[in-house]
Protein chains: 2
Amino acid sequence: MTTAGTKERIVEASAECFRRRGYMGTGLKQIAADADAAFGSLYHFFPGGKEELGAEVIRRSGRMYMQLFIDIALEVPDVVDAVGRFFADAAKDVEESGYADACPIATVALEVSSVSEPLREACAEVFESWLSSSTEYFAGAGIDREEAGRLALQMLSLLEGAFIFSRAMRTTEPILVAGGAATKAVAAALGR
Amino acid sequence: MTTAGTKERIVEASAECFRRRGYMGTGLKQIAADADAAFGSLYHFFPGGKEELGAEVIRRSGRMYMQLFIDIALEVPDVVDAVGRFFADAAKDVEESGYADACPIATVALEVSSVSEPLREACAEVFESWLSSSTEYFAGAGIDREEAGRLALQMLSLLEGAFIFSRAMRTTEPILVAGGAATKAVAAALGR
DNA sequence: GTCTATACTTTGATAGAC
DNA sequence: GTCTATCAAAGTATAGAC
């Protein structure tokens with residue numbers, strides 16, 4: 001059990017800031033303050049500056065968010081139920097955070113996609129890993145592989161889009177409706 | 001036929017910048033340069049500064065984007081075909097812009113939702129108008145009103161989420177797959 | 001209405017003492 | 001590794017001549 005090291009605190013503080021205020025809306029000085037770290041420490045751990053820090057935060061946030069889905073999949077045996085739980089939990093998390101914490105990298109992805117190639121690539125890699133994992137998951141439940149790929153894209157698009165509406169409109173309804181559509185699509189693919 | 005006035009040029013330049021680089025990633029000096037306007041003109045037309053300009057750009061972009069859908073709906077009589085065309089056109093536009101021009105306000109919406117109440121409200125109003133218009137459209141085609149509302153939320157969530165993946169991964173596949181899912185859902189609601 | 005100059009703040013980044 | 005001081009550039013905003 002290690003007390004959080006400086007580097008870890010920096011990454012965690014950055015992740016929270018990026019998620020809520022975006023990459024462009026977060027200053028390095030704010031991050032240093034939130035992380036209780038000296039400003040110079042940022043450049044000690046991330047010589048490449050904000051962009052290097054951003055790339056690490058994107059990849060780490062992507063891994064952690066996927067883990068949420070994996071945990072549910074391991075706990076809930078039925079695929080349709082698991083998808084339903086994923087959306088229900090997401091709605092709860094968004095609401096409990098005051099509509100601040102939805103997808104950890106969506107804001108950053110949109111901000112950087114036409115601005116920074118390294119950061120865009122980091123986001124693309126995260127999304128590809130989410131999609132391939134979800135595809136495997138659906139295929140493992142007996143769904144045709146091509147259909148599983150489309151289903152993964154559909155489920156994650158529904159989730160990401162619903163997050164946008166939910167945060168702006170301050171209601172969980174979009175996430176709940178998206179969850180209904182996603183579970184329905186998965187059930188249909190399973191022939192239920 | 002008026003040559004574009006200064007205010008109009010400012011709003012148009014802002015809209016393009018916000019769409020591609022976001023609200024936080026766009027500086028007022030950049031906007032003035034892109035609009036070929038003196039910096040002081042920004043504050044002449046928008047005494048409230050960046051936030052007032054942002055609110056007007058959000059509302060205007062929202063209206064213009066909805067018009068795209070209305071135009072298609074007027075041109076394509078069948079509802080399922082119209083939805084399919086909407087997604088197909090979106091995919092084409094995204095690709096032809098080098099994956100820069102997708103939703104004009106999604107990036108801004110995510111950036112500002114936890115940062116600026118006036119801007120968050122502007123985004124929420126735009127989204128609500130999109131949803132109510134789409135709901136009317138589906139209801140007009142004979143779909144039960146509650147189901148029409150869910151369908152509108154589903155279609156727009158699919159589109160917005162697909163835009164995120166498309167821009168980051170540089171492929172139109174997410175938009176095309178989302179379009180397939182959306183048309184399928186509409187067809188099912190029509191009992192086809 | 002246009003345009004320039006300027007004030008003030010914050011940004012990302014660097015250097016160097018400790 | 002930590003911390004402070006400092007830099008040049010860019011950020012928003014204002015004042016005032018024209």
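This is a predicted model: local features need pLDDT of at least 70, side-chain atom pairs count only at pLDDT 80 or more; totals for chains, interfaces and linings use all residues.
Residues are numbered from 1 along each chain as written, and chains are lettered from A in the order written. Local features need pLDDT of at least 70 and side-chain atom pairs pLDDT 80 or more, while totals for chains, interfaces and linings use all residues; side-chain values use heavy atoms, without hydrogens or water.

Me: Why is α7(A) called oblique to α8(A)?
Reply: The helices pack at about 125°, with axes 8 Å apart. Angles run from 0 to 180 degrees between N-to-C directions, and axes are lines fitted to C-alpha atoms, for helices over the stretch in contact. Under 35 degrees counts as roughly parallel, over 145 as roughly antiparallel, 65 to 115 as roughly perpendicular, and the rest as oblique. The angle of about 125° therefore makes α7(A) oblique to α8(A).

Me: Which residues of α7(A) and α8(A) meet?
Reply: Contact means heavy atoms within 4.5 Å. Among those that meet are A:Phe127, A:Trp130 and A:Leu131 in α7(A), and A:Leu151, A:Met155 and A:Leu156 in α8(A). The residues of this contact divide into 11 nonpolar, 3 polar and 3 charged. Here Ala, Val, Leu, Ile, Met, Phe, Trp, Tyr, Cys and Pro count as nonpolar, Asp, Glu, Lys and Arg as charged, and the others, Gly among them, as polar.

Me: What makes a space a cavity or a pocket?
Reply: On a 1 Å grid over the protein atoms alone, a cavity is a set of points where a 1.4 Å probe fits but cannot get out, whereas a pocket is an open set with protein on both sides within 12 Å along at least five of seven lines. Lining residues have an atom within 4 Å of a point. By this rule there are 4 cavities of 30 Å³ or more.

Me: What lines the largest cavity?
Reply: The largest cavity has a volume of about 80 Å³, a volume being the space filled by probe spheres set on the points. Its lining includes A:Tyr65, A:Phe86, A:Trp130 and A:Met155. By class, this lining has 7 nonpolar, 2 polar and no charged residues.

Me: Which elements line the largest pocket?
Reply: The largest pocket, of about 530 Å³, is lined by 21 residues. The elements giving two or more residues are α8 (145–169) and α9 (173–189) of chain A and α8 (145–169) and α9 (173–189) of chain B. Helices are DSSP runs (H or I, at least four residues), numbered from the N terminus. The largest share, 7 residues, comes from α9(A).
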